[in-house]
Structures are given as structure tokens and as C-alpha cells.
Amino acid sequence: MDFLKQTWQQSWFFLIPVILLVSFVVYILLPGVRISHQDSEKLSQLREEKEILNNTLKDLTIQSEAAVCMGEELVVPSGNVDDLMPPQNASEVVAKLEKSVVLILSENGFGSGFFVTPSKIVTNGHVVQDAATKGSEVFVVNENIGVHRAKVSDIQFSGDYAEDFALLSINEQVGIPLTLVNVQSPGDYKLDKVFAAGFPGSVIESDEDFINLIQTDEFSVPDLVITDGTVSSHQKVFGEVLAFVHTAQISGGNSGGPLVNQCGNVMGMNTFINSSTDGVRNFSLVSSELLRFLSRSMVVPRVSARECK
């Protein structure tokens, strides 16, 4: 120890520069040590940039999923896009339909319909034919909008199913429109899962809320009936209009209600059933036929900009 102490005292002025030089050489030869701090800062910056890019991509994906066609334009909504976003599960499909599908009450009975704009509703022509010819009142009802008086703005119905559409209007912009599918190749949808929504008489005529709505002044709405099934086939009904044949159960009162896919987009309008000894066939006029009717009526609905996945 004395030797080391003596050596240090005699040579410190030489040893210190040597130690510093060796340390510097080590610092130069080991770049990982020299730039580790810089790397840490750069990695942190890259992580922040990655998070920003991921959030931007998420926002763009949401807007892309919500995009709809309005006329010839692709519209990407801004602000709250929840009403346009495709449902992620069956419960979201149900919630969307309950806001958009309405019970239609007219002089000649009742049927179903759905919003295609915030103030316009479509249904079958045979549901409101008497109201259109006699000028009698029509009312539309659901839990979301309450009760509204409606007028028949346009109707295409001549007693057969060559065309069976009607357009109703209300005075307030209160509806949640459904998005339509412009079906070009109906054969591509065979065995696709579908849902029929409406107010079939065989179910709601025993519903206390429906009885109160009809017989008293009390506002009450029968529960929306939703059935599921698949597309069985398509055909030109009596050689006139294109229709899907499907297995989602419908009955009288479903007329005018939507047939939707798993994204809650309208594939067709439920119109009639065909009963025979070998069973019941459910017919829904394909949504591309409805789009033609709406185009002639100068109504621009939302049209899905992408396939349902």
C-alpha cells in the first residue's frame, strides 16, 4: 500500500491524463455507451409519433366505415358518427332498428316502415293506399320519435306487386335514417344472414301497449319484432320487380318494414308472403328497386359505400 501511495504521489500528474485518455478511448470505441442516451430520447420521440399515427389511422378508419353515398357523392360524416357507424354486434343492430323502424297506422289498418331521411319514411303502397286515395290521416309511431301525423308524398301501387312503394313525410327532422344497399347482383347474397323488422299483427295484436295505443289516448308503443333468417333465392316477381325470398319470418303488419343485413343496412322491403302446402315463402322487394322509386320521388337516401363484413 505504501508503494502505491508513493507511486501515486510521484506520478499523479502523469497518471491522470493517462486515465482520462484511456476513458476517452473506451468512450469512442464503445458507441453504444456514447449514444445510448440519444437513442433513448429518439425512441421516446418515435413512440409518440407512432401513437399519433395510430390515432389518426383509427379516426380515418372510423370515418371510412361510416362513409355513405348521397346521390353521386361519397360523404364522410364529421362530428358524431355513431348513427352512421355499422353495428358491431346483434344488440347494436337491434338498437339501430328500434330508432328507425316505425309502426304505420292508417284507415285501412297498420303496417311498418322506416326512415330514409330525417323527415321521410318509406313503406309499401298497399299499406297506405286508402289514405292516398281518400286523403285520410296516417300516423307513424315509434319510441324514439313518439307519434307524428304523416302525409303520403308519393305512391306506386296498382293492386299487384309490379311496384309497391309509398313515401311518407312528416314535418319534423326527427328520424334516424337507415342506410340502403344498392344491390346489383342479388345472386351474390344467397345464404347471407338477414333480419326482418316490423310490427306483425300476429304478434302485436296481443301486446298491451298496442291495445292501449289503439283504444285509449295513452301513448305506448308495441315492442318491435325482429326475426332472423337467410336469403334463399331471388326472382322477378310475376316478371316485374326483383325480390329476395328469405327465411326471416314475417306476417301481415310486416309490410313496408326493412330486411337488413348484419350491418343494419337495408337489403329489401318486406312486402308479402306466399303460403302453400309445403310452407311459407317470405318476399322482400330488393332495395335497388326501392332506390329507383326514391330517385323518381327526388329523394336522396344514404347508400352503403362498402360491403357488409
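Mentor: With a definition: a nonpolar core is a set of buried Ala, Val, Leu, Ile, Met, Phe, Trp, Tyr and Cys residues joined through side-chain atoms within 4.5 Å. Buried means under 20% relative accessible area, with a 1.4 Å probe and protein chains only. This is a predicted model, where local features need pLDDT of at least 70, side-chain atom pairs count only at pLDDT 80 or more, and totals for chains, interfaces and linings use all residues. Residues are numbered from 1 along each chain as its sequence is written, and side-chain values use heavy atoms, leaving out hydrogens and water.

Trainee: Which residues touch the most other members of the largest nonpolar core?

Mentor: They are L97, L103, F114, V122, L180, L290 and L294, in a core of 38 residues. Helix α7 gives the largest share, four residues. Helices (H or I, at least four residues) and strands (E, at least two) are DSSP runs, numbered from the N terminus.

Trainee: What is L180 in contact with, leaving aside its neighbours within four places in sequence?

Mentor: Contact means heavy atoms within 4.5 Å. The partners of L180 include F114, V266, L290, L294 and R302. Another core, of 14 residues, lies apart from the largest one and has V127 and I170 among its members.

Trainee: How many strands form the closed barrel?

Mentor: Two strands pair if DSSP finds at least two bridges between them. Six strands, in the order β9-β10-β11-β14-β13-β12, close the barrel with antiparallel pairing. Between β12 (residues 258-260) and β13 (residues 266-276) there are three bridges, and L259 stands opposite G268 in β13.

Conventions: Buried < 20%, exposed > 50% of the residue type's maximum accessible area, 1.4 Å probe, protein only.
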